[in-house]
Amino acid sequence: MQQRSGRVAEVGNPVVEVERIVTRFGAQTVHDGISFALARGTLTALIGASGTGKSVLLREIIGLVRPDGGRIRVLGTDMWSAPATAVAAVRRRFGMMFQDGALFSSLSVAQNVAVPLIEHTRTPAELLAPLVALRLAQAGLAPAVGAKLPSELSGGMRKRAAIARALALEPEVLFLDEPTSGLDPATARAFDALLRSLVDDLGITVLLVTHDLDTLLTVVDRVIVLAEGAVRADGSVTEVMRTDDAWIRAYFAIRTMAADAVRAR
Amino acid sequence: MPGDPQTSPAPGRRLELAATAEGQVLTLYGDWRLHDIESLWQALSAIGPTAALAIRAGELTGFDSAGALLLLRALERAGVPAAQVRWLDFAPEHARILDGVRRRYAELAAAATDLGAARAGMSPLATLGRHTVEVGALLHGHLGFFGAALAALAEAFMHPRRLRVKELAAQFEQVCLKAIPVVALVTLLIGVTIAYLLGLQAEKYGANIFVVDGVAIGMTREFGPIIVATIVAGRSGAAFTAQLGSMRLAEEIDAIRTLGLSPLQVLVVPRVLALTVALPLLVFVGDALGIFGAMLVADPLLGLTPATFLERLRDALDLKHFWIGLAKAPVFALFIAVIGCRMGMTVERDTRAVGLATTSTVVQSIVSVILLDAGFAVLFQELGL
């Protein structure tokens, strides 16, 4: 009951709030006052040149790296000042997909997906296997893949398996670090469709770090551009594309240049 | 009352089963999500086999795919075909979740293999057979690698310019200089212990002075080489496997090969050479510290002053024992280094394999050192040394 009223109250409140984040590595300031908030049920991409601290910001949001200043709240809980039990409770309500999957190499894919279910829920034994198969299916994998070891999977399948594990506890928020990097274009586009369906069908809020222009142009609701330690642009793809900024123009120009080059042949 | 679906449920009530004229009606209440899966599963055992079942979800406040799966699984358990169930009053977002799971349900239920034994178990006999074959393949592979490593060493001697001097120096520092403290500490303590134990016996016969003979011969001929080789196997052999194994995972070894270089020449030769030179030196350190340790306790325990001890040492210790001990060291080193390198370079494609290979290296190295030592003991006996 308490859970239910808590959920109702949260609708409308931002799912992730990042306030004036400051990060320094030695003398170098990576983030200098970054703020944004994510609304429930949206698909947001974090972009920026290499070295602008996108992955670091993601790690700060999920509570792995401590920022030097500012506040981060996920589902209303401050990741860096709330008691450990509250943070642990929030961790069960979001999922994270690391860049190379970070699957446990000694466990099969199905066992990887079962880990959070076994640790954090009391799923009856006869429901565990179908539930694992359901998570694999939600990530676009056939049940038979569950018996394989992570080392036996291709890059795209490993990423899907990682998503299946991140989805295990029906998270309200999903964080992804470069979900389409290293994938062939066809697989990458299928991945985009998968992300969109997670948002539309399961109502999950998604934040991803990406370099993939096609992901931005096709499935993303909102783009946040990091540059020189600050948010350089924030809005829908079309709004961001219109921003008068050298890096953003160069970034989106690649697409038009490629199209021109093909036409010129 | 059971017939009236409008009745509000008791607090904490998750479902209500009622019999009506058109068959059974199952009404769902509250939150049907993963975190409650166990209690919901138990509550659903109330469903019995029935031809006509309607499920009403008008009171449902939360529903996720685990909830949908649970419901479908419970229907299957009760023997109710999902196709004949009437689904009533599902909110659009709940209906979408339910449909998503229903579409795939047959496939999911078929996947109900048990998770514990993703790798099928084998009978003890089959396991024994498999391990035997594996050990055979391992030794066969070692033999081939040993030959290749020797050929690469020979090549390095024929063409000294191909020898990686920097890498050799770095390896030598790692396996020799940095190993001196631990070797010194362990052999010192072993020397103390042997002198103490021998002393207890020798004192009974008034043969205190012969403790020097025992420690000097034992330490230089057997204990020194064995103990130092064991330390080095655990320290450097394991390090070789872990380093080369991680390099293989990071495709660095493939990169070396692609650049037209030989991994044997770049990685293996410096390690083998460094360890072969280092081990005799470490054995020398070990011999000296072991005898020194014995000397430390000889004075208070046996009344042998350092001067007496050293005088007896000069008479008792035939240098052949020292040389025999030292001569065994490079052979031990060769085996430790070759096993360490080969186990690293043949690591399979995941991090778990690096751990397994490292463990295996230490076990194989220590066992081969002991076997070699036994072989040497017989050999020197036959030679009358």
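Predicted model: local features only at pLDDT ≥ 70, side-chain atom pairs only at ≥ 80, totals over all residues.
**Entry 1. Chain A overall**

I started with the secondary structure of chain A. I counted 10 helices and 10 strands there. Chain A has 265 residues, and 42% of them are buried. I then looked at contacts in chain A between residues at least 6 apart in sequence. Of these, 65% join residues at least 24 apart.

**Entry 2. The six-stranded sheet of chain A**

I traced the strand order next. The sheet is open and runs β6-β7-β8-β3-β9-β10 in chain A, with mixed pairing. I checked the edges. They are β6 (94-97) and β10 (230-235) of chain A. Each has a single partner strand, so one side of each lacks a neighbour in the sheet. Neighbouring strands of this sheet are turned by 15° against each other on average, ignoring direction.

I looked for a helix on this sheet and found α2 (residues 54-61) of chain A packed on it. Helix α2 of chain A touches β3, β7 (173-177), β8 and β9 (222-227) of chain A. The direction of this helix makes about 150° with that of β7(A).

**Entry 3. Strand by strand in chain A**

I took β3 (residues 43-48) of chain A and asked what it pairs with. Four bridges join β3(A) to β8 (residues 205-209) of chain A, and the two run parallel. In that pairing, Leu43(A) has Val206(A) as its bridge partner. β3(A) also pairs with β9(A), in the parallel sense, over five bridges. There I noted Ala45(A) with Val223(A) as its bridge partner.

I moved on to β9(A). β9(A) pairs with β10(A) in the antiparallel sense over five bridges. Val223(A) turns up again here, opposite Gly235(A) in β10(A). The hairpin of β9(A) and β10(A) has two residues between the strands. In this hairpin Glu228(A) takes a positive phi near 45°.

**Entry 4. Other positive phi values in chain A**

I checked two further residues. Arg20(A) is not a glycine, yet its phi is positive, about 45°. I found Arg20(A) in strand β1 (residues 16-25) of chain A. Arg20(A) counts as partly exposed because it has 13 C-beta neighbours inside 10 Å.

Ala102(A) also has a positive phi, near 50°. Ala102(A) sits in the loop between β6 and α4 (109-120) of chain A. With 16 C-beta neighbours inside 10 Å, Ala102(A) counts as partly exposed.

**Entry 5. The four-stranded sheet of chain B**

I turned to chain B and traced an open sheet of four strands. The order is β1-β2-β3-β4 in chain B, and the pairing is mixed. At the edges I found β1 (15-20) and β4 of chain B. Each of these has a single partner strand, so one side of each has no neighbour in the sheet. On average, neighbouring strands of this sheet are turned by 20° against each other, direction ignored. I looked at one pairing in detail. Eight bridges join β2(B) to β3(B), and these strands run parallel. Thr27(B) has Arg56(B) in β3(B) as its bridge partner.

I checked the length of α3 (residues 92-110) of chain B. Its 19 residues should span 27 Å at 1.5 Å a residue, and its end C-alpha atoms are 28 Å apart, which agrees. α3(B) does bend, by about 55° at Arg104(B). Arg104(B) is also one of its buried residues, which include His94(B), Ile97(B), Leu98(B) and Val101(B). What covers them? The cover includes β3 (53-63), α2 (65-78) and β4 (85-88) of chain B, together with α5 (125-138) of chain A.

Helix α11 (residues 319-345) of chain B has 27 residues. From first C-alpha to last, α11(B) reaches 40 Å, close to the expected 39 Å. I found 19 of its 27 residues buried, so α11(B) is largely enclosed by the rest of the structure.

**Entry 6. Where the chains meet**

I finished at the contact between the chains. In it, 35 residues of chain B touch 32 residues of chain A. On the chain B side, β2 (23-32), α1 (37-43), β3, α2, α3 and α12 (351-382) each supply at least two residues. Which element gives the largest share? α3(B) does, with eight residues. I sorted the chain B side by type: 13 residues are nonpolar, eight polar and 14 charged.

Notes
Residues numbered from 1 in each chain as written. Chains lettered and ligands numbered in written order. Buried ≥ 20, exposed ≤ 12 C-beta atoms within 10 Å, placed from the backbone. Contact = placed C-beta atoms within 7 Å. Expected span 1.5 Å × (residues − 1). Bend = angle between axes of the 7 residues up to and from the residue. Nonpolar A, V, L, I, M, F, W, Y, C, P; charged D, E, K, R; others polar. Pairing = 2+ DSSP bridges. Axes fitted to C-alpha atoms, helices over the stretch in contact; angles between N-to-C directions.
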